[in-house]
Amino acid sequence: DAFRHLLGQGRPAGGDYGALLEGMRGRLRGAFGLGGDVDVVFAPSGTDLEYVALAATIDRSPGGVHNVLLGADEVGRGCVHSAAGRYFNDRTAPGRTVVPGESVPGLEAVSLTDIPVRCGRGLARTSGQIAASIEGEIARARAGGRHALVHVVHGSKTGLILPALDDLDRLLARWGQAMTPVVDACQVRLSPGDVAAYLDRGAIVLMTGSKFAGGVPFSGWALVPAALVRRAPPLPAGFDALFRRAEWPQGWNGREALPDHGNPGLATRLEGALFELERFRALPADAVSRVIDAFQRALRQGLVAPLHLREVER
């Protein structure tokens, strides 16, 4: 359906790139019921979106940022590089040739740790265990003069949500301005209420249009609370190799230093993702529940029961 929609548009990305993306910002706010005080940064992937959180917080402490990643093996291979402020490929989205593993200029002051979400036997750790590990990393960051960028996973590739919201609230209550949450919701398996709850807590929310949203691969966006945009430092110098100007909202410090040209491919992929997302959001909640329930019944009757399967403990 999205493909037919794009064909019917003729050249959906043939217009002004900035105007196209600005319109998409409004549509995303509408899809999730958000106000105009939420800004949107666009990028080709969730891996690229990791740079957004770093850009918003890199100056918060003299020593830079300590990035606390969760379950790197369940969220994306390239994230261990981008979340550390490094290039993750030899060619960036705007077509610049770079050296994978080298620091992006302006993001040298980033350290990274990855907290496993499963034990050695493959069982998921509890939210309390994850929160305790995160707390240790926040203390470590503070002792080293760094700001803690704390990841929350809302829907890993195996469906995990860690830490739970009440555990995140306890971390925020104790550490306050020493930490900033960033939510990996790239699967988009969350409700508008979930999104609002994270944004209300000052979190940056990362999403992609190619998974549950059902759009084309290589389309993504970060939802950023306006308060973070207002206090963000100028964009790092190396971002001119990673992003185009229109992909960052007007008013973001340093945006004017980015190249001012378009990416018709990204605009087209985003349009396909938004088309599917808006169709899903238009469905009544009870209709969605009926489909989910019907699928679960069919799964149990047609697969689980005949094969004597059991759910893997999470």
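A salt bridge is a side-chain nitrogen of Lys or Arg within 4 Å of a carboxyl oxygen of Asp or Glu; Lys and Arg count as positive, Asp and Glu as negative, and His and the chain ends are not counted. The model is predicted, with pLDDT of at least 70 needed for local features and 80 or more for side-chain atom pairs, while totals for chains, interfaces and linings use all residues. Residues are numbered from 1 along each chain as its sequence is written, and side-chain values use heavy atoms, without hydrogens and water.

Glu50 lies in helix α3 (residues 46–57); helices are DSSP runs of H or I with at least four residues, numbered from the N terminus. Residues touched by Glu50 (heavy atoms within 4.5 Å) include Asn67, Cys79 and His151, not counting residues up to four places away in sequence.

The salt-bridge count comes to 15. Arg27 and Glu278 meet through their side chains in one of these (2.9 Å, N to O). This pair links distant parts of the chain, with Arg27 in helix α2 (residues 17–32) and Glu278 in helix α10 (residues 264–281), 251 residues apart. Arg27 is partly exposed at 25% relative accessibility, as is Glu278 at 28%; partly exposed covers the range between buried and exposed, the latter being over 50%. A salt bridge also joins the side chains of Arg244 and Glu247 (3.7 Å, N to O). Arg244 is buried, with a relative accessible area of 6%, and Glu247 is buried at 2%.

How values were computed: Helix = DSSP H or I, 4+ residues; strand = E, 2+ residues; numbered from the N terminus. Buried < 20%, exposed > 50% of the residue type's maximum accessible area, 1.4 Å probe, protein only.
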